[in-house]
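Subject: Structure for you, with notes on its aromatic contacts

Hello,

Here is the structure for you to look over. My notes come after it.

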Amino acid sequence: QVQLVESGGGLVQAGGSLRLSCVATGRTFTYVMGWFRQAPGKEREFVAASPWTFGEKDYAESVKGRFTISRDSAKNTVYLQMNSLKPEDTAVYYCAATKGRARVIEGYDYWGQGTQVTVSS
């Protein structure tokens, strides 16, 4: 069984930065770890993904160049560094794990509870 717990959300001004953390328990090293977000009234959308070991990282166009996904295997933790934040980045951010394709939300087997990110203008 895999459990994911996110932290690091909060309120920040536009142009600011936040770093989200996702601590994983269980056998996650064969999974691709993804970050998704869901704004009020909108569908959950892909943000970024990375395998635990080797492989390319993937980013949504809307965050490319501003967000960075990374992982620390020793700590079983995946991070999402978010820079140059915009009000449109406001959403609940979720960490998830899949053995499928990174952008296919239906393929994710495990989800965290989410952490709120609010960017003020």
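Predicted model: local features only at pLDDT ≥ 70, side-chain atom pairs only at ≥ 80, totals over all residues.

Residues are numbered from 1 along each chain as its sequence is written, and side-chain values use heavy atoms, with hydrogens and water left out.

There are 7 aromatic pairs. Rings of Phe, Tyr and Trp (its six-membered ring) pair if their centres lie within 6.5 Å; planes under 30 degrees apart are stacked, over 60 edge-to-face, the rest tilted.

Take Tyr31 and Tyr110. Their ring centres are 5.9 Å apart and their planes at 65°, so the pair is edge-to-face. Tyr31 is in the loop between β3 (18–25) and β4 (32–38), and Tyr110 is in strand β10 (residues 108–111), 79 residues apart. Strands are DSSP runs (E, at least two residues), numbered from the N terminus. Tyr31 is buried, at 9% relative accessibility. Buried means under 20% relative accessible area (1.4 Å probe, protein chains only).

Phe36 and Phe46 are edge-to-face too: centres 5.8 Å apart, planes at 75°. Phe36 is in β4 and Phe46 in β5 (residues 45–51). Phe36 is buried at 1%, and Phe46 at 11%.

Ring pairs join Phe36, Phe46, Tyr94, Tyr108 and Trp111 in a cluster. Arg44 lies over the face of Tyr94, 3.7 Å from the ring centre. The charged end of Arg44 also sits over the Trp111 ring, 4.8 Å from its centre. The cut-offs: NZ of Lys or CZ of Arg within 6 Å of the ring centre and within 35 degrees of the ring normal.

Best wishes

Conventions
Helix = DSSP H or I, 4+ residues; strand = E, 2+ residues; numbered from the N terminus. Buried < 20%, exposed > 50% of the residue type's maximum accessible area, 1.4 Å probe, protein only.
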